[in-house]
Amino acid sequence: MGDTEAILLASLIGGALAAMVRLPPLVGFLVAGFALAPLGVEATGTVQTVADLGVTILLFGVGLKVDLRSLARREVWLAASVHMAGSAVLGVALLGAMAVIGVGLVTDAGPQGWAFVGFALSFSSTVLVVKLLEERNGTRSLSGRTAIGVLVIQDLAAVAFLAVTEGRAPSPWAFLLLALVPAAPLLRWALARLGHDELLPLYGVALALVPGYWLFDALGVKGDLGALVVGMLLASAPRSGELAKSLFTLKDLLLVGFFVSIGLGGLPDPGELGIAAALLLLLPAQALGYALLFWLCRFRRRTAVLTSTVLTNFSEFGLIVVVAAPSGLLGEEWTAILGTAVAVSFVFSALPVSGGERLVRLMRRVLPDRPVDRIHPEDRPLDAGDKQAVVLGMGRVGRAAYERLQDTYGLRVLGIETDRERCERLCAEGYQVVEGDATDPELWSADSFRGTELVLLAMPFHGSNLHVLERLRESGYPGTVAVVAQFDEDLRQAGERGADTGFQLYDGAGAELADRAVTAARPGSGTTT
C-alpha cells in the first residue's frame, strides 16, 4: 500500500472514530497523521496539493461571508492589533524564561529567534477557526463575524511580515491588483447568470485559484490572501451564499489533506516535546487576553469568552516562520516543536463547545455583568414582549412558517436570526425580526419568552435546534415547541428531547406541490380536500 492510500484509509478510520466519541472529525484526521508518522508515511505531493487547494477554497469561502464594514469596527481592529502585540511579548518572555533555566535549544535561538517564534504564535489558525464556526453554524453571528474580522487583520499582518523576513517585497506591478475592485461587478454579473449545476462550484474554484491565488502570488503577494480578497469582492452578490454552499462539501473533503499533513509532521524527541508543551502555556493567557479585550469592547461575558475560545489556538503560520527565518537563526528541530504545539492546540480548540459554557460561568468575577444600556447594541438580551410565537432561524423554512403563523392563524410573531444582513433585509420587507444567537443560554434565563405560546425551531444546524430545545425544557418553558428536521432520525431525536411536534423537511413537499398545481389549474377554487 502506498503512502497516499495509507493516508486516505487512516483518515477515514480516524475521522469515524472521532465522530463516534462526539469529537469533530478533524481531531481524528490529526491523530491519523500522528499515528502514521512513526511508520514512515510522509505527506505525498498529492496530499500536499489537496491540502493547499482546501486552504485556498476555504479562504475564498470566508471572503464570501465577510462584511468589509466589520473590519473597521473597534472590537475587530483593536482586539486584533493589541492581542498580537501582547501575545508576541508573552511568547518572548516565556522563551526567555526557558533560556534562563538552561533549555539548550531555546538558548541557542537567542532573542531574535524568540521574537520570531513569539510573533508566529500570536496568530490564530484561519483554517481551524472558520472550520469550527461553520460546524457550529456561527460564521454570521456577532461572535463569528468578529472572529473572522480578527483573522483577516492577522492575515494582512502575515503578508507584511513575510515580505520583510523573506526580503521579497511585492512586485512593482502589485498596484494593478486594485483593478479587481472595478472588475467586481463583472464577476457578480457572471455569477448571477450561472445555473445551479456543476458550473456554480467550478466558477468558485476558478475564481479562488486564478484571479485569487495565482494572480496575487505572481505579483509577490500572499496567494491565500488573494483568494480571500476575491471572495470578499463577491460577498455582496445575491447568490454569494449559494456559491459558498456549493463549495462546502468539496472544501471539507480537501481540508482532510491539510489536517492530516499537520499530524504527519510527527512528534519531536522528549526534549523538544517539553518545549512544545511549555509553549502551550501561552494558550490560557491568549484566551484571557481575547476575553478581556472583547469585554472591554462591551461584549457580554458569554460572547467575549466564547469568541476568545474559538480564537485560542496556534496558527499553521508558525511553521512558515521557521522556513522564512534567516539562515542559522532557528534550527530544523523548531519545525517539529512548533508543528506539535500547533496540532495540540487544534485538538484543544476542537473540543465540544460545552466546555466554553463552563468557562463562561467561571469568569463571572473577572468579567462582571453590565447594565443593559452599557452592552454592545448587537449583543443585548432579547425580549419577545407581547409576541405569541417565536421563530428561531429565518431562512426559507423559518420565513414560510412566520408567514403562515401570522397570515393564516393571526398570531403576533417574532423572528430571531443570527445573520445580520438577513435581519436587515427582512426588517426592510416588513417582518418583525431581531438579531440574536438562539444557542445563548442567557437568552432563556431571564424569562424572555414566558408569554409566548409557541416556539418554532427552524435553524439549519440540527445541533443548534437540539441545544435550544434542551434549554427551553430546562428553563421550564410551558409552551409548545416545534422542530424542523432534515432527516427522520433527527426528528426522532428531537421528540426524545422534549419537542411537542416536528416536521421532516421533505414530508409535505409533494402535498404542497399538488395543492399549488390544483390552485393554478383552477383559479379561485382554493386547494382541494
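Helix H3 (residues 45-63) and helix H10 (residues 223-234) have axes that come within 6 Å and cross at roughly 30°. Helices here are DSSP runs of H or I with at least four residues, strands are runs of E with at least two, and both are numbered from the N terminus. An axis is a line fitted to C-alpha atoms, for helices over the stretch in contact, and angles between N-to-C directions run from 0 to 180 degrees. This is a predicted model, in which local features need pLDDT of at least 70 and side-chain atom pairs count only at pLDDT 80 or more, while totals for chains, interfaces and linings use all residues. Residues are numbered from 1 along each chain as its sequence is written, and side-chain values use heavy atoms, with hydrogens and water left out.

With that crossing angle, H3 and H10 are therefore roughly parallel to each other. The naming of angles is simple: under 35 degrees is roughly parallel, over 145 roughly antiparallel, 65 to 115 roughly perpendicular, and the rest oblique. H3 passes H10 in a right-handed crossing; a crossing is right-handed if the near helix is turned clockwise from the far one by less than a right angle, and left-handed if anticlockwise. On the H3 side, the residues that meet H10 are Val-55, Thr-56, Leu-59, Phe-60, Val-62 and Gly-63. Their counterparts in H10 are Asp-224, Ala-227, Leu-228, Val-230, Gly-231, Met-232 and Leu-234. Contact means heavy atoms within 4.5 Å. Sorted by class, this contact of H3 with H10 holds nine nonpolar, three polar and one charged residues. Ala, Val, Leu, Ile, Met, Phe, Trp, Tyr, Cys and Pro count as nonpolar, Asp, Glu, Lys and Arg as charged, and the others, Gly among them, as polar.

A second pair to look at is helix H13 (residues 270-279) and helix H17 (residues 333-349), which pack at an angle of about 45° with their axes 8 Å apart. H13 and H17 are therefore oblique to each other, and their crossing is right-handed. H13 contributes Glu-272, Leu-273, Ile-275, Ala-276 and Leu-279 to the contact, and H17 contributes Glu-333, Trp-334, Ala-336, Ile-337, Leu-338, Thr-340 and Ala-341. By class, the contact of H13 with H17 comprises nine nonpolar, one polar and two charged residues.

For helix H6 (residues 126-135) and helix H12 (residues 248-263), the axes come within 12 Å and cross at roughly 140°. That angle makes H6 oblique to H12, and the crossing of the two is left-handed. Val-127, Leu-128, Lys-131 and Glu-134 of H6 touch Phe-248, Lys-251, Asp-252, Leu-255, Phe-258 and Phe-259 of H12. The contact of H6 with H12 has six nonpolar, no polar and four charged residues.

Leaving aside neighbours within four places in sequence, Glu-134 is in contact with Leu-58, Lys-65, Thr-139, Phe-248 and Lys-251. Glu-134 and Phe-248 are 114 residues apart along the chain, yet their C-alpha atoms are separated by 9.5 Å.

Turning to the strands, six of them form an open sheet with parallel pairing, in the order S3-S2-S1-S4-S5-S6. Strand S3 (433-435) and strand S6 (501-504) stand at the edges with a single partner strand each, so one side of each has no neighbour in the sheet. From one strand to the next, the twist averages 20°. Two strands pair if DSSP finds at least two bridges between them. Strand S1 (residues 389-392) and strand S2 (residues 413-417) pair in the parallel sense over four bridges. Within this pairing, Ala-389 has Val-413 in S2 as its bridge partner, and Val-390 has Leu-414. Ala-389 and Val-391 point one way from S1 while Val-390 and Leu-392 point the other way, and all are buried. Helix H19 (residues 396-407) lies across S1, S2, strand S4 (454-457) and strand S5 (480-485), running at about 170° to S2. Helix H20 (residues 420-428) also packs on the sheet, touching S2 and S3, and its direction makes about 160° with that of S3.

Overall, the protein has 23 helices and six strands, and buried residues make up 51% of its 529 residues.

How values were computed: Buried < 20%, exposed > 50% of the residue type's maximum accessible area, 1.4 Å probe, protein only.
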